[in-house]
Amino acid sequence: MRNVRVAAAQLGPIQKMDSRHAVVARMLDLMRQAKAAACDLVVYPELALSTFFPRWYYEERGDADIWFEREMPGAATRPLFEEASRSAIAMSFGYAELTPGGHHFNTSILVDKAGAIIGKYRKVHMPGHVEYDPARTHQHLEKRYFEPGDLGFPVWRMLGGIVGMCICNDRRWPETFRVLGLQGVELVVLGFNTPSVNSQRSAEGLDRRMFHHRLTLQAGAYQNATFVVAVAKAGVEDGHHCMAGTMVIDPDGEIVAQSATEADELVVHDCDLDATRFGKETVFDFARHRRIEHYGLIASQPGVVPPL
Ligand code: ING
């Protein structure tokens with residue numbers, strides 16, 4: 001039994017005008033709830049410190065830099081690290097990273113119980129578009145504001161197991177979970193901001209989006225015999241609705257816990273990392289079953305090449 005008590009700390013809406021300070025206060029309240037529940041790890045959403053700003057078009061890209069963190073921890077986030085180490089609770093959260101070299105990433109970090117950053121991940125799969133698209137009901141300009149991640153899909157030993165991260169759209173790409181799975185991942189934590197309506201097909205609403213959300217998480221968990229903890233930023237942000245669906249998936253692909261609201265809400269679940277062993281040693285014993293001599297296309301071509 002290698003139990004990790006995980007707190008999925010869902011955030012309700014963050015308005016464009018809400019300060020980082022106000023958001024951090026909400027995150028601290030969730031962390032205190034997690035501590036009171038004797039949690040080992042608290043996981044926050046993607047871009048947890050602000051509204052989902054890629055819905056807004058800035059003609060000058062530099063004008064969007066107001067949403068980015070130049071240092072981590074910084075003045076606004078240091079209280080999170082202090083409270084985490086005081087409480088001996090590990091944490092993960094997403095934020096917009098602006099590096100000293102001027103690179104922009106959609107980033108998440110893993111902080112250990114001593115408050116030290118032991119892992120960083122930069123979102124690889126960037127959804128959306130670069131230029132303003134008048135044909136869409138709302139904009140999704142992640143390709144405008146972020147570069148694709150340059151750190152791959154790393155894992156880290158912590159909390160007695162092997163932990164990895166991904167971010168939002170990454171969950172829709174099986175390669176994400178498989179690369180983590182090939183490193184023995186036992187717990188994947190991710191945050192997401194998912195508009196509840198498809199900006200290019202309004203018939204695709206909340207129900208269909210929640211179906212795809214569950215489908216991707218359950219497949220990723222089952223096919224790599226790992227726990228998956230997915231944490232939403234939810235609710236209506238300046239008139240734009242983001243779906244909730246914070247949930248914990250077990251290594252069998254079962255949803256074992258989920259949020260009930262679209263507000264700040266803590267979802268706690270005991271993840272016994274030993275529960276990943278059976279899948280990894282039988283049906284998904286990769287070494288015994290995979291035939292990589294046939295998988296070349298997956299890493300050798302980005303798009304479709306149909307037959308002549
Ligand atoms: N948001 C959405 C997500 O992948 C999206 C964008 C939704 C893409 C539905 C495709 C389909 O959940 C982020 N932030 O990636």
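A polar contact is taken here as a pair of N or O atoms within 3.5 Å, and within protein one of the two must be able to donate a hydrogen and the other to accept it, while residues adjacent in sequence count only if both atoms are side-chain atoms. The structure is a predicted model, in which local features need pLDDT of at least 70 and side-chain atom pairs count only at pLDDT 80 or more, whereas totals for chains, interfaces and linings use all residues. Residues are numbered from 1 along each chain as its sequence is written, and side-chain values use heavy atoms, with hydrogens and water left out.

In the side chain of Glu 46, an N or O atom lies 3.2 Å from a nitrogen atom of the ligand, and for the side chain of Glu 142 the corresponding distance to a ligand nitrogen atom is 2.8 Å. An oxygen atom of the ligand is 2.9 Å from a polar side-chain atom of Arg 172. Of the 370 Å² that the ligand exposes when taken alone, the protein buries 85% (accessible areas by the Shrake-Rupley method with a 1.4 Å probe).

The ligand is surrounded by 13 residues, of which Glu 142, Cys 168, Asn 169, Arg 172 and Thr 194 are the closest (a residue is near a molecule if one of its heavy atoms lies within 4 Å of it). By class, this shell comprises 3 nonpolar, 4 polar and 6 charged residues, where Asp, Glu, Lys and Arg count as charged, Ala, Val, Leu, Ile, Met, Phe, Trp, Tyr, Cys and Pro as nonpolar, and the others, Gly among them, as polar.

The chain contains 8 helices and 14 strands (DSSP runs of H or I with at least four residues and of E with at least two, respectively, numbered from the N terminus). Along its principal axes, the C-alpha trace of the chain spans about 60 × 50 × 40 Å.

Leu 47 has a positive phi, near 45°, and Met 72 is joined to Pro 73 by a cis peptide bond with omega of about 0°. Most residues other than glycine have a negative phi, and most peptide bonds are trans.
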